[in-house]
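I opened this notebook page to record what I looked up, beginning with a helix and then turning to aromatic rings and a loop.

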Amino acid sequence: MQSLSEFLGGDHKACDRLFASAEEEVAHGRWEVAAQQHSDFISAMESHFGMEEEGLFPAFEQTTGQTMGPTQVMRHEHTQMRQLFAEMGQALSQRDADGYLGASETLLILMQQHNAKEEQILYPMSDRVLASEREALLERLAAIRSGV
């Protein structure tokens with residue numbers, strides 16, 4: 001059975017691929033394709049955030065009793081990323097490549113730092129403290145991801 005680290009880390013990689021595709025389309029001025037790629041990226045990110053905010057974080061907090069620790073930091077960073085999504089969407093609607101790529105550069109740095117914290121600290125910690133409920137939690141995360 002897959003670990004939480006593998007499942008959620010793999011989702012990071014899928015989101016990263018969509019992000020890179022959207023950036024490339026904007027850089028080449030292919031606006032219609034860029035809009036679709038950006039939309040796909042945002043959908044994937046919101047799905048990922050949902051898995052964490054509705055599934056992983058509550059389970060982690062309930063088991064550990066920690067509500068002011070790593071999950072709070074991750075939620076705050078999700079809010080920061082959502083603000084950058086909005087800036088990128090605005091730039092995209094105005095066909096402003098510089099604006100989009102500037103916001104996406106900031107987002108890339110934030111995502112790299114955020115993902116490193118999750119993949120190196122939070123996910124392995126979650127694998128340990130949630131080991132007894134891993135199978136049920138993975139099913140819940142998959143249901144959240146698919147919108148069920």
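I take contact to mean heavy atoms within 4.5 Å, and helices to be DSSP runs (H or I, at least four residues) numbered from the N terminus. The model is predicted, and local features need pLDDT of at least 70, side-chain atom pairs count only at pLDDT 80 or more, and totals for chains, interfaces and linings use all residues. Residues are numbered from 1 along each chain as its sequence is written, and side-chain values use heavy atoms, with hydrogens and water left out.

Helix α1. Just after α1, I noted a positive phi of about 70° at Gly 29.

Aromatic rings. I searched the whole structure for ring pairs (Phe, Tyr and Trp, its six-membered ring, with centres within 6.5 Å; planes under 30 degrees apart are stacked, over 60 edge-to-face, the rest tilted), and 3 aromatic pairs came up. Phe 41 and Phe 85 meet edge-to-face, 5.7 Å centre to centre with 80° between the planes; Phe 41 is in helix α2 and Phe 85 in helix α3, so this pair ties together parts 44 residues apart in sequence. Phe 49 and Phe 85 are stacked, at 6.1 Å and 10°. Ring pairs link Phe 19, Phe 41, Phe 49 and Phe 85 into a cluster.

Loop. Between α3 (70–93) and α4 (97–129) I found Arg 95, which has a positive phi of about 55° without being a glycine.

Notes
Helices (H or I, at least four residues) and strands (E, at least two) are DSSP runs, numbered from the N terminus.
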